[in-house]
Amino acid sequence: MASTTSLDTPPAPPAPRDRPRSTGRVGDKIFIGLSRGSGILLLVVMASIAVFLGYRAATAISENEGNFLTTFDWNPAGDPPVFGIAVLLFGTVVSSVIAMVIAVPIAVGIALFISHYAPRKLAAPLGYVIDLLAAVPSIVYGIWGALVLVPYLEGLNLWLDQFFGWTYVFDKTAIGVPRSLFTVGILLAIMILPIVTSVTREVFLQVPKMNEEAALALGATRWEVVRLSVLPFGRSGIISASMLGLGRALGETMAVATVLSPSFLISLHVLNHGGGTFAQNIAAKFGEADEFGRDALIASGLVLFVLTLLVNGAARLIIARRKEYSGANA
């Protein structure tokens, strides 16, 4: 009977585990305070920059006799002062788009090669070289572009004009050294390529090995594994890396100022010299500008500031929607 009773008796509940102590430690409080303070400080800095730019820009725009958004001229020292950002906005966007179209596909290909195709003995040194190129100063790229890239692009420009001139975009109507928005776009592509490659490579290395091994076990080829497992997993990371590169392309200053032959004209012939960007114009004219001229340059800087925020916000929105879509299909 005793043994039967022991079998019918339910087992005693396990002893409760020791609960983790509350986050009342001094270290936890310091960490939380520092984290919260860093976030608040970042918002304060951003708001301060926006207020400063807005105040100085309003002073200049209020005395501008031209349309700030559509005027092609830049003469804040004139009587009356006339200046506008149409040419600068066009040049900034066009050169950045050219850079992204060239750099992003190449960066994704290099990242895939390093993470999934190259032998380990080759992948590690190649990754170090890519990371090193990301740290090269802008002025070095600019000098290299002016002395090496520009002369060698003349042949490419003639080839594009000969075979793709019918597209109007690659119709070269001016003669001379190719210091154009197309040249700037190629140089920017070379500059942002290491950044996009490094971030994308790290994303591809985070792909779960179980997914790749399962695809291989089902008979998938290496490319099918990349297409079905690696690229879908890293799509949001590719977008983030691309937006990071786009941010640098939009705000690049010294390299663009070294290579571009600026002019306040808008032309869809990207092989013709001329054009301008926000950062290049600020760097070229800030030293010789008077107080009002600097306010005008700050007004153009405000537009670049807003443009960068819009690009980053759009990237965050795209990534958030892709995560929601992936979660709904999971």
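Residues are numbered from 1 along each chain as its sequence is written, and side-chain values use heavy atoms, with hydrogens and water left out. Because the model is predicted, local features need pLDDT of at least 70 and side-chain atom pairs count only at pLDDT 80 or more, while totals for chains, interfaces and linings use all residues.

The protein has eleven helices and two strands. Both kinds of element are DSSP runs numbered from the N terminus: helices are H or I runs of at least four residues, and strands are E runs of at least two. Along the sequence the order is α-α-β-β-α-α-α-α-α-α-α-α-α.

Of the 330 residues in the protein, 38% are buried. Buried means under 20% relative accessible area, exposed means over 50%, and partly exposed lies in between (1.4 Å probe, protein chains only). The protein exposes about 19,300 Å², and carbon and sulfur atoms supply 67% of this area. Accessible areas come from the Shrake-Rupley method with a 1.4 Å probe; for residues, only the protein chains shown count as cover.

Contacts (heavy atoms within 4.5 Å) also describe the fold. Among the contacts with a separation of 6 or more, 73% are between residues 24 or more positions apart.

How many salt bridges does the structure hold? There are five, where a salt bridge is a side-chain nitrogen of Lys or Arg within 4 Å of a carboxyl oxygen of Asp or Glu.

One of them joins the side chains of Arg56 and Glu291, at 3.1 Å from N to O. Arg56 belongs to helix α2 (residues 26-62) and Glu291 to helix α11 (residues 291-329), so this pair ties together parts that are 235 residues apart in sequence. Arg56 is buried, at 17% relative accessibility, whereas Glu291 is exposed, at 51%. Arg56 and Glu291 are also linked with Asp295 in a network of salt bridges.

Another salt bridge joins the side chains of Asp131 and Arg201, at 3.4 Å from N to O. Asp131 is in helix α4 (residues 120-134) and Arg201 is in helix α6 (residues 181-205), so the pair connects parts that are 70 residues apart in sequence. Asp131 is partly exposed, with a relative accessible area of 33%, and Arg201 is buried, with 8%.

The side chain of Arg201 also forms a salt bridge with that of Glu202, at 3.0 Å from N to O. Glu202 is partly exposed, at 37% relative accessibility.
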